[in-house]
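Subject: Structure handover

Hello,

Here is the structure for your review. My notes follow below it.

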Amino acid sequence: MKQLIELEINGQRQELLVEPHTSLLQCLREQAFLKGAKRGCDSGGCGCCTVLVDGRAVYSCMTLVMSVEGRSITTVEGLSGEGALDPVQQAFIDAGAVQCGYCTCGMMMAARQLLDDNPDPSEEEIRKGIAGNLCRCTGYAKIVEAIRLAASRRQGHSVGEAG
Amino acid sequence: MTEFRTIGRSIPRPDAFDKVTGGKHYPVNVSLPGMLHAKLLRSPLPHARILSIDTSEAERLPGVRAVLVPDEVPRIPLTPVYFTPVQSPTMVQDFVVMSRQVRWAGQPVAAVAADTPEIAEQALELIAVEYEELPTVFDPEEAMAEGAPQLHEHAPGNIAKHEVFSMGDLEQGFAEADHVFEGVYQTQRVHTCYMEPRVCVVDSDTDGRLTVWSSMQHAFGLREKLAFALGIPESRVNVVKPRYIGGGFGGKLDMGFIEPIAALLSRKTGRPVRAEQSRGEDFITTARHPIKVYLRTGVKKDGTFTARHIKSILDAGAHATHGSEVIMVHGLFGTLFPWKCPNQTWEGFAVYTNNMIGGGYRGYGAPQGCFAVESQNDEICEALGLDPIEFRLRNTWREGDPHPAIEGHTLNTYRLEDCLRQGAERIGFGERRPAASGEGTKRRGIGFACHPLWVSGCVGFPDIYEHAGAIVKLNRDATADVVTACVDLGCGQITVLTQIVAEELQLPPESVRLSYADTDIAPFDAPTHASRATYSAGLAVQAAARDARRRLLEAAGHVMGADPQTLVLEEGRVMVRGQPDSARPMAEIIARAEAPWIEVGPEGPVPTTLEEKGTIMGLACQAPPSNPSPVGAEFVEVEVDTETGEVKVLRVVYAHDVGRLLHRSGAEGQVEGGFQQGMGYALMEQMVFDEETGAHLTGDFLDYKIPTAVEMPRSIEAIFIESDEPSGPYGAKSLSEMCLIVPAAAIANAVYNATGARIRDLPITPEKVLRALGKL
């Protein structure tokens, strides 16, 4: 039986008609037409589908959309505001952390939560922070570099801003 | 050295902005109005004959639009491998899209198109298939033995391919040896693990002509194979090149089952049909072939090779597909020709079993060969107390030597010695301790391996496509559109091809765009494989850009009343060499060539037309002139926990002769990512199958572990030895595959140095380490 639920996606409230078994990933991709979260495995193994629910990174393929009713969802499309990229996005470009790019959006969402929790992470903390996200192109070296770069830019730019 | 404007600069990737803001253009996002969704029913049995299929219940399920069974699929034997012409005699044509004869667990036996993927999935459960079970064989050597179940009528003894290649006098060579070494080296089945699943959308037009969007690595190959499989002319298929795909690494090198099945379902329903594989299906679509290598080597006291006998047995699985070619590349480029040995015989078998089929994977037979040969080379040095670097140099090639494998070609650039010496110095190889001399639970060791011959494409392989083509079209706003069928899998072709055109036309890279391309409009281009794209497609794009520049200067000559020979391009302007005052904007020349040019004079607008030109376009369709070998040597430091058997890679130094570096950051990315795949191959990755049913047991990333950021070494250092390859674009050679050919052998040698344990079968799991240390 389909059911009408309300979600806040990237700051906008939306009503969606979903099945009890619809995953958040399916809902985002097929009904909200947000293609940034990707399906890589559908079993919580790769992290390509990572989005933020109330600021926490989750595998959207393993999250039933009904379980996040009324909560605030942030996808990669919600990262950049008013024409400016999020520091994490810009750092991924500048550090050369994007190759095929299929893991990139999920990886950046994991990085966003990491940096929100810990604005100045060590290399080990960065590596642990993205351990739930697989990449097969980069060997992670430039991804780690990008997150470090984003951290330093955020610190430089976010003085006085609320967390 | 020539000064370049864009070449050699790590420009931002033109595709990066799109990818960090959502990545709109992956094939997985293609969606058409009215599109249906296809799912495949796969056999649970590894060897069987289908007696009957009842689809009536499935057809009655609301939302089901069509069901496809083997009898409706053209029975055209083919190979899905698409870097050779369809009827190439070297490729075994033993594959049909859907058959009543089942040879592996997972083989598609029926398909459904429905309004949603969920309905299609449900319908699969309603299809009743009656099978007659047949005896199975999963081990290639058992399959070769007398009395084994026979899988294909055309292949007695289950031999899909048997090749022997000899040089010199083997017997004489072994007689001359002071020492003979023997070993058996086994590699496992692994998957490329691209992140974007295989997916396609096929739309059959009212007249039956097909338009195809697919995640494959080769647009023209898909057109050719799909048309062949369906028994229609090639021009009845148009394959749209994906702007980019989510990884491939060889795993998307051939037509899958989904493309022809979606095509047939689209024809049946008159609607576009999309098929997207699950991760479990991706795993069993193609994989790197396991190869068992029997290696026997004769050496002089000083380490000079006198003789080598190599026997390689490749598990092709149920169909030959790539197996019949991988075995050859493995034999010739993975084991035989990289090393200078006067007397060698290689014998290779590709053997049918009831396992899944294999496919391409970065290195294409060479990682298996390098692991065997470089492991044994290390054993020889240890046993004879030889300096392992001098040993390699003694037995490999020199710059200027004739190409050992391709007649008429020369190793123009070959800096293996620099790679070995600089890599050794950087990791501190001189201070390496003798094997197993450490103390305590955790023991460190350093090892290395090299691969002294590889390819920049396929020139010299007479049956394999290598042509490339491109169109460069100049726009009136002084930008360039590039039409090329070359697919970027993520390794950076969009970037380097952009750089090349920008360099030739002296434009900023932002003014060059790799535009839409499909097989209707783009010239033929061979697949993005065999480390060829930067070299071969790069040369074609360069030639097309030069053609466009020549036409531009001719038009400028008319406009400026100057001899085109005296004109040069600079910063978006055309000028007479040495006369900056003569400069005219490129945009003006392009516009005047293409359309009426309106000058506003004192009397008002005055249209003038330059009749000689029209749109300025450059075209090139060509084969590259050569196949220069990249070479590389990789050094690793590992730490082995002798209580748990766990191996940790601490540090990597990879020195690589790539010719001129076009984009350092991209090249580093190839090295770092290649090492990740190589480390997975060496230490943890292995597809596991049920021994009785043949069912794949490691079909997701919870069971099939690939390295995460935590397992990866903290330091991967890439040293690029820049040579100036005369045949390459700006002196460039290739890179990608070398980064994955070498790591497994380097890690195995480092594990030996740390512990004295010589592991000859991959992956080097903790269990194997403990066993080798006598602790299990």
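Which residues of α15(B) are buried? They are M586(B), E588(B), I589(B), I590(B), A591(B), R592(B) and A593(B). That helix spans residues 586-594 of chain B and is mostly covered, with 7 of its 9 residues buried. Please keep in mind that this is a predicted model.

**The interface**

Chain B puts 51 residues into the contact, and chain A puts in 45 residues. The size of an interface is often given as the accessible area lost when the parts come together. Here chain B and chain A bury about 3600 Å² between them. Carbon and sulfur atoms account for 57% of that area.

The rule finds 5 salt bridges across the interface of chain B and chain A. E124(A) and R714(B) meet in a salt bridge through their side chains, at 2.7 Å from N to O.

Where does the chain B side come from? Both α1 (16-20) and α16 (664-683) of chain B supply at least two residues each to the side that touches chain A. The largest share, 8 residues, comes from α16(B). By class, that side of chain B has 21 nonpolar, 18 polar and 12 charged residues.

**K38(A)**

K38(A) sits in the loop between α1 (24-31) and β3 (50-53) of chain A. Is K38(A) buried or exposed? K38(A) is buried, because its relative accessible area is 0%, and the cut-off for buried is under 20%.

The side chain of K38(A) reaches two backbone oxygens, one in each chain: that of G36(A) at 2.9 Å and that of G22(B) at 2.9 Å. Not counting residues up to four places away in sequence, K38(A) touches L25(A), R29(A), C48(A), C49(A), Y102(A) and C105(A) in chain A, and G22(B), G23(B) and Y26(B) in chain B. For scale, K38(A) and A150(A) are 112 residues apart in sequence and 23 Å apart in space, C-alpha to C-alpha.

**Salt bridges**

How many salt bridges does the structure hold over all chains? The total is 58. Side chains of opposite charge can pair when their charged atoms come close.

- D116(A) and R112(A) meet in a salt bridge at 3.4 Å, N to O. They are separated by about one helical turn, because they are 4 residues apart in helix α3 (residues 104-117) of chain A. D116(A) is partly exposed, with a relative accessible area of 33%.
- E281(B) and R42(B) meet in a salt bridge at 2.9 Å, N to O. This pair links distant parts of the chain, 239 residues apart: E281(B) is in helix α8 (residues 279-283) and R42(B) is in strand β1 (residues 36-42), both of chain B. E281(B) is buried, at 13% relative accessible area. R42(B) also counts as buried, at 16% relative accessibility.
- R550(B) forms a salt bridge with D547(B), with the closest N and O atoms 2.8 Å apart. They lie 3 residues apart in helix α14 (residues 533-560) of chain B, so about one helical turn separates them. R550(B) is partly exposed at 42%, whereas D547(B) is buried at 14%. In chain A, salt bridges that share partners join D86(A), R112(A), D116(A) and R154(A) into one network.

**Cysteines**

How many disulfides are there over all chains? The count comes to 0 by the rule used. C41(A) is in no disulfide, and the nearest cysteine sulfur, that of C46(A), is 3.8 Å away. The cut-off for a disulfide is 2.5 Å, so a pair must lie within that distance to count. C41(A) counts as buried, at 8% relative accessibility. C341(B) is in no disulfide either; the nearest cysteine sulfur belongs to C381(B), 15 Å away. C341(B) is buried too, with a relative accessible area of 6%.

**One loop in chain B**

T479(B) has its place in the loop between β17 (468-474) and β18 (480-483) of chain B. A polar contact of 2.7 Å joins the side chains of T479(B) and D477(B). Leaving aside neighbours within four places in sequence, T479(B) is in contact with K473(B), L474(B) and S511(B).

Best regards

Key
Residues numbered from 1 in each chain as written. Chains lettered and ligands numbered in written order. Predicted model: local features only at pLDDT ≥ 70, side-chain atom pairs only at ≥ 80, totals over all residues. Heavy atoms only, no water. Contact = heavy atoms within 4.5 Å. Buried area = accessible area lost by both parts, 1.4 Å probe. Salt bridge = Lys/Arg side-chain N within 4 Å of Asp/Glu carboxyl O. Nonpolar A, V, L, I, M, F, W, Y, C, P; charged D, E, K, R; others polar. Buried < 20%, exposed > 50% of the residue type's maximum accessible area, 1.4 Å probe, protein only. Polar contact = N/O pair within 3.5 Å; in protein donor to acceptor, adjacent residues only side chain to side chain.
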